[in-house]
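Please examine the sequence and the structure shown here before reading further.

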Amino acid sequence: EADFLRLRKKMAAATSDDGMIAEARKLFKTKCFTTIQVRNLGALFLTDEGRYRFFDAAYPFVSDPVQFGSLELELKDTYYINRFKVMLRQ
């Protein structure tokens, strides 16, 4: 939980989607997160593009990959929903 809060703080301080994803990737190298934590961090992104890119970066590092598909509900744009579905099949 402390790792999650520290990452959320660093991501919130970033000035772009790329910056937020870069901060997340640094911690993903050493820590796993739950789908719920990824959902909460995904709320920091203002667009479906940013949110999808973050989900794509997080997917290999979740501790409960079976639940990851539930994040589809966080996306509104059909294009990113379809890309998300393809990502889950890989």
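Two residues are said to be in contact when they have heavy atoms within 4.5 Å of each other. The model under discussion is a predicted one.

With this rule in hand, consider Thr35, which is located in helix H3. Leaving out residues up to four places away in sequence, Thr35 touches Asp64, Gln67, Phe68, Ser70 and Leu71. Is Thr35 buried or exposed? A residue is called buried when its relative accessible area is under 20%. Thr35 has a relative accessibility of 2%, and therefore counts as buried.

Helix H3 also holds Gln37. Its relative accessibility is 13%, so Gln37 counts as buried. When neighbours within four places in sequence are set aside, Gln37 is in contact with Glu1 and Phe4.

The next element to study is helix H4, which spans residues 48–58. Why can H4 be described as largely enclosed by the rest of the structure? The reason is that eight of its 11 residues are buried. These buried residues are Asp48, Gly50, Arg51, Tyr52, Phe54, Phe55, Ala57 and Ala58. Their cover includes four helices: H1 (2–13), H2 (17–28), H3 (35–42) and H5 (78–89).

The axes of H3 and H4 come within 10 Å and cross at roughly 150 degrees. Angles over 145 degrees count as roughly antiparallel. H3 and H4 are therefore roughly antiparallel to each other. Their crossing is right-handed. On the H3 side, the residues that meet H4 are Val38, Leu41 and Gly42, and their partners in H4 are Arg51, Phe54, Phe55 and Ala58. The residues of this contact between H3 and H4 comprise five nonpolar, one polar and one charged.

How are H2 and H4 oriented to each other, roughly parallel or roughly antiparallel? The two helices pack at an angle of about 15 degrees, and their axes are 10 Å apart. Angles under 35 degrees count as roughly parallel. H2 and H4 are therefore roughly parallel to each other. H2 passes H4 in a right-handed crossing. From H2, the residues Asp17, Asp18, Ile21, Ala24, Arg25 and Phe28 take part, and they meet Gly50, Arg53, Phe54, Ala57 and Ala58 in H4. The residues of the contact of H2 with H4 divide into six nonpolar, one polar and four charged.

Rings of Phe, Tyr and Trp pair if their centres lie within 6.5 Å. By this rule the count comes to 11 aromatic pairs. One of them joins Phe55 and Phe68, whose ring centres are 6.2 Å apart and whose planes stand at 80 degrees, an edge-to-face arrangement. This pair links distant parts of the chain, for Phe55 belongs to helix H4 and Phe68 to the loop between H4 and H5, 13 residues apart. Phe55 has a relative accessible area of 0% and so is buried. Phe68, with a relative accessible area of 0%, is buried. The ring of Phe68 also pairs with that of Tyr59: the centres are 4.8 Å apart and the planes lie at 45 degrees, so the pair is tilted. One aromatic cluster is formed by Phe28, Phe33, Phe45, Phe54, Phe55, Tyr59, Phe61, Phe68 and Phe84.

Two further residues complete the tour. Pro65 is placed in the loop between H4 and H5. Its relative accessible area is 42%, so Pro65 is partly exposed. Pro65 and Leu88 are 23 residues apart in sequence, and their C-alpha atoms are 9.2 Å apart in space.

Arg89 is found in helix H5. Is Arg89 buried or exposed? Its relative accessibility is 65%, so Arg89 counts as exposed. Arg89 and Lys10 are 79 residues apart in sequence, and the distance between them in space is 31 Å, C-alpha to C-alpha.

Notes: Residues numbered from 1 in each chain as written. Predicted model: local features only at pLDDT ≥ 70, side-chain atom pairs only at ≥ 80, totals over all residues. Heavy atoms only, no water. Buried < 20%, exposed > 50% of the residue type's maximum accessible area, 1.4 Å probe, protein only. Axes fitted to C-alpha atoms, helices over the stretch in contact; angles between N-to-C directions. Parallel < 35°, antiparallel > 145°, perpendicular 65-115°, else oblique. Left-handed = near helix turned anticlockwise from the far one by under 90°. Nonpolar A, V, L, I, M, F, W, Y, C, P; charged D, E, K, R; others polar. Phe/Tyr/Trp six-rings, centres within 6.5 Å; stacked < 30°, edge-to-face > 60°.
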